[in-house]
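Look at the chains one contact at a time. Keep the sequence beside you as you read.

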Protein chains: 4
Amino acid sequence: MDKKEQIIGVATQLFAERGFQNTSVSLICETAEVSKGLVFHHFKSKQELLREIFSRTTELIKDINAADPSCSTPQAQLKDMLESFFAGLAANKSLFQFNLNMMLQPFTRSILQDLIDKRAAFLLQSVRRIFEEIDPENALVLSYGFIAELDGMALHYFSIYEDYPLAEMKNHLLKKYT
Amino acid sequence: MDKKEQIIGVATQLFAERGFQNTSVSLICETAEVSKGLVFHHFKSKQELLREIFSRTTELIKDINAADPSCSTPQAQLKDMLESFFAGLAANKSLFQFNLNMMLQPFTRSILQDLIDKRAAFLLQSVRRIFEEIDPENALVLSYGFIAELDGMALHYFSIYEDYPLAEMKNHLLKKYT
Amino acid sequence: MDKKEQIIGVATQLFAERGFQNTSVSLICETAEVSKGLVFHHFKSKQELLREIFSRTTELIKDINAADPSCSTPQAQLKDMLESFFAGLAANKSLFQFNLNMMLQPFTRSILQDLIDKRAAFLLQSVRRIFEEIDPENALVLSYGFIAELDGMALHYFSIYEDYPLAEMKNHLLKKYT
Amino acid sequence: MDKKEQIIGVATQLFAERGFQNTSVSLICETAEVSKGLVFHHFKSKQELLREIFSRTTELIKDINAADPSCSTPQAQLKDMLESFFAGLAANKSLFQFNLNMMLQPFTRSILQDLIDKRAAFLLQSVRRIFEEIDPENALVLSYGFIAELDGMALHYFSIYEDYPLAEMKNHLLKKYT
DNA sequence: CATGAATGAGCTTTCATTCAT
DNA sequence: CATGAATGAAAGCTCATTCAT
């Protein structure tokens with residue numbers, strides 16, 4: 001019944017499925033069954049709504065990608081990270097799609113620039129912390145490679161290959177990194 | 001003097017820099033210094049223009065990603081492919097950006113669906129042919145992993161990390177695969 | 001102050017005077033002193049606006065053509081019908097013109113197909129009911145002939161003959177049918 | 001092979017079926033398989049093409065409506081006129097439709113004003129000549145009434161009633177006027 | 001006689017946003 | 001908090017017409 005949350009939920013879904021520019025405020029209103037005035041009462045602009053949503057998803061992403069700090073070995077932490085990443089891929093499909101969309105579309109990227117930078121730095125940092133324990137000399141390159149593989153797979157899974165062998169790819173990575 | 005090519009060139013650039021939906025036909029016309037009517041004389045619609053451009057870039061991508069068939073060993077072929085991929089990344093920045101944009105934006109993806117599918121299948125195939133010689137059993141997974149790494153790096157290089165260590169990543173991959 | 005009615009009134013007038021296709025939405029807006037956006041806020045499309053107008057005029061036409069049911073003889077009913085038809089012709093000039101235009105222009109006819117059919121059936125029916133009492137055997141042909149004469153005169157009066165002798169034609173018909 | 005005639009023929013057909021404003025020069029060119037330049041080589045403008053066509057159809061209409069001057073009695077002349085009118089209705093459907101369209105659409109009417117006036121005067125004149133012999137006192141009203149009936153029936157037959165009883169109406173008129 | 005590239009004005013429609021209620 | 005009428009700019013696209021070849 002909280003209409004503000006209703007708007008956010010519907011907008012997230014629609015932005016993920018149709019892209020930001022291809023989703024009009026009118027469509028959001030119809031889908032969420034609220035008036036146009038209300039959207040602009042709660043959010044200064046359509047772009048502000050997007051930023052609110054992106055911020056929220058950053059928190060979710062952080063949770064999903066967080067390595068369990070209680071794990072003793074870095075390998076176990078990587079394993080944990082991979083497990084939750086692949087679990088998230090399947091479970092929060094539209095959330096991942098939303099993020100890829102927003103970060104790659106030049107228009108939305110410019111709106112979200114600062115938020116994207118912060119999130120990307122955080123993710124790199126949390127991976128790097130693990131690789132520093134494994135191979136301090138190559139930690140940065142290894143970290144970049146690791147997340148490149150993950151993001152590349154997400155990209156292929158969501159947008160390119162219809163029958164992507166997600167389970168096999170996960171096992172492949174698990175073998176490789178642990 | 002060939003205004004049709006002029007339109008295609010300008011549109012490619014603008015679509016890459018600003019995205020498809022954020023690039024109006026008017027902007028293309030102003031930039032290319034042609035009339036609006038001419039665009040629709042040569043292309044049935046803005047979407048048809050996009051498809052023409054995407055088809056052309058597919059040919060370019062094929063050339064860039066083509067492994068030298070004269071290379072004796074599969075490792076040499078992979079090396080060759082990596083070299084031309086990273087050379088292309090730097091040289092044809094806007095072309096790569098264009099492709100990532102179009103494939104990830106839901107709206108453009110739906111317009112280009114069939115062309116994307118064909119291209120993706122071709123690229124997978126050309127990589128797979130090499131891995132079949134190296135490790136027939138895991139060829140498919142290895143191929144998917146390989147292109148995931150490449151695409152993931154492209155994605156990070158273009159859209160996420162400002163100071164991406166492209167040269168180091170290239171060396172990292174060369175060591176790993178050859 | 002009711003801008004929606006303002007739009008409908010202006011559009012009816014302009015459609016009648018200039019035809020549907022020769023009346024741009026911009027012209028309607030300028031004349032009605034409303035913004036372009038408002039027209040499409042109230043009507044899904046220009047065609048939808050036309051349908052709304054046509055439906056409304058059907059009601060008016062029904063009123064005008066309605067025979068007084070209190071008249072005892074069918075001849076009196078015909079007389080009544082003729083009187084109100086010719087009164088309407090002179091008084092509601094643009095309304096009749098509008099109707100002829102819309103029904104004869106292939107483009108508008110296709111848009112209004114169903115509405116035209118319903119209205120035509122209704123008018124035929126209400127005339128036929130009278131002729132059934134006069135000459136049941138030839139009622140249908142007489143009815144068709146009757147409305148052919150009326151519509152033919154309207155057509156000539158509005159669109160063809162500059163100095164149409166409307167009064168004389170009315171007397172001619174009154175003599176003939178009563 | 002005479003491309004000018006080809007253009008005229010195609011344009012007549014299309015104007016009749018779709019209306020003048022709803023038929024673009026491009027469509028005429030595609031259908032007639034000629035270039036746009038050629039249309040404007042032969043006709044100064046689209047409106048000029050319309051006038052040429054309308055002039056030509058006037059001649060055809062005159063032929064169809066012409067009473068055989070060899071007929072001895074005015075009744076026989078009326079009969080002859082009715083016969084050829086109804087024959088024409090069925091045989092030259094698109095020609096009649098074209099004429100009704102052009103005369104009723106405000107935009108085309110203004111283009112063809114002078115031609116319409118001349119034709120209408122001619123038709124009235126040729127009918128009147130007959131009625132002058134039958135009933136000189138009421139000749140004008142009878143003439144207007146006669147052509148009103150004919151045009152009204154044409155209008156209903158082409159544009160309003162799907163199952164118009166054309167044959168019965170013809171017999172009705174024949175009985176009435178002969 | 002014939003082509004088709006090129007133009008520019010104008011078309012219908014969409015959209016983010018404002019504001020009185 | 002909530003509505004929806006109202007705006008005005010900009011979008012994609014059509015079209016009659018011109019002109020170099």
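Predicted model: local features only at pLDDT ≥ 70, side-chain atom pairs only at ≥ 80, totals over all residues.

Residues are numbered from 1 along each chain as its sequence is written, chains are lettered from A and ligands numbered from 1 in the order in which they are written, and side-chain values use heavy atoms, with hydrogens and water left out.

Start where chain D meets chain C. Each chain brings 43 residues to the contact (heavy atoms within 4.5 Å). Together the two chains bury about 3,600 Å². Buried area is the accessible area (1.4 Å probe) that two parts lose on being put together, summed over both. Carbon and sulfur atoms account for 65% of it. On the side of chain D, Leu104(D), Tyr144(D) and Tyr161(D) lose the most area to chain C, together 17% of what that side buries.

A salt bridge is a side-chain nitrogen of Lys or Arg within 4 Å of a carboxyl oxygen of Asp or Glu. Eight residue pairs are in polar contact, with both residues at pLDDT 80 or more. A polar contact is a pair of N or O atoms within 3.5 Å; within protein, one must be able to donate a hydrogen and the other to accept it, and residues adjacent in sequence count only if both atoms are side-chain atoms.

Several helices of chain D each supply at least two residues to this side, among them H1 (3-18) and H7 (106-134). Helices here are DSSP runs (H or I, at least four residues), numbered from the N terminus. H8(D) gives the most, with 15 residues.

Now turn to salt bridges within chains. Side chains of opposite charge can pair when their charged atoms come close. Over all chains, the structure holds 28 salt bridges. In one of them, the closest N and O atoms of Glu132(A) and Arg128(A) are 3.3 Å apart. These two are separated by about one helical turn because they sit four residues apart in helix H7 (residues 106-134) of chain A. Glu132(A) is partly exposed at 32% relative accessibility, and Arg128(A) is partly exposed at 29%. (Buried means under 20% relative accessible area, exposed over 50%, partly exposed in between, with a 1.4 Å probe and protein chains only.)

Lys176(C) and Glu149(C) meet in a salt bridge at 2.5 Å, N to O. This pair links distant parts of the chain, 27 residues apart: Lys176(C) lies in helix H9 and Glu149(C) in helix H8.

Finally, find DNA strand F. Of the 29 residues around it, His41(A), Lys46(B), His41(C), Val25(D) and Lys46(D) come nearest. A residue is near a strand if one of its heavy atoms lies within 4 Å of it. A polar side-chain atom of His41(C) lies 2.3 Å from a phosphate oxygen. For the side chain of His42(C), an N or O atom is 2.9 Å from a phosphate oxygen. Gly37(A) places a backbone N or O atom 3.4 Å from a base oxygen.
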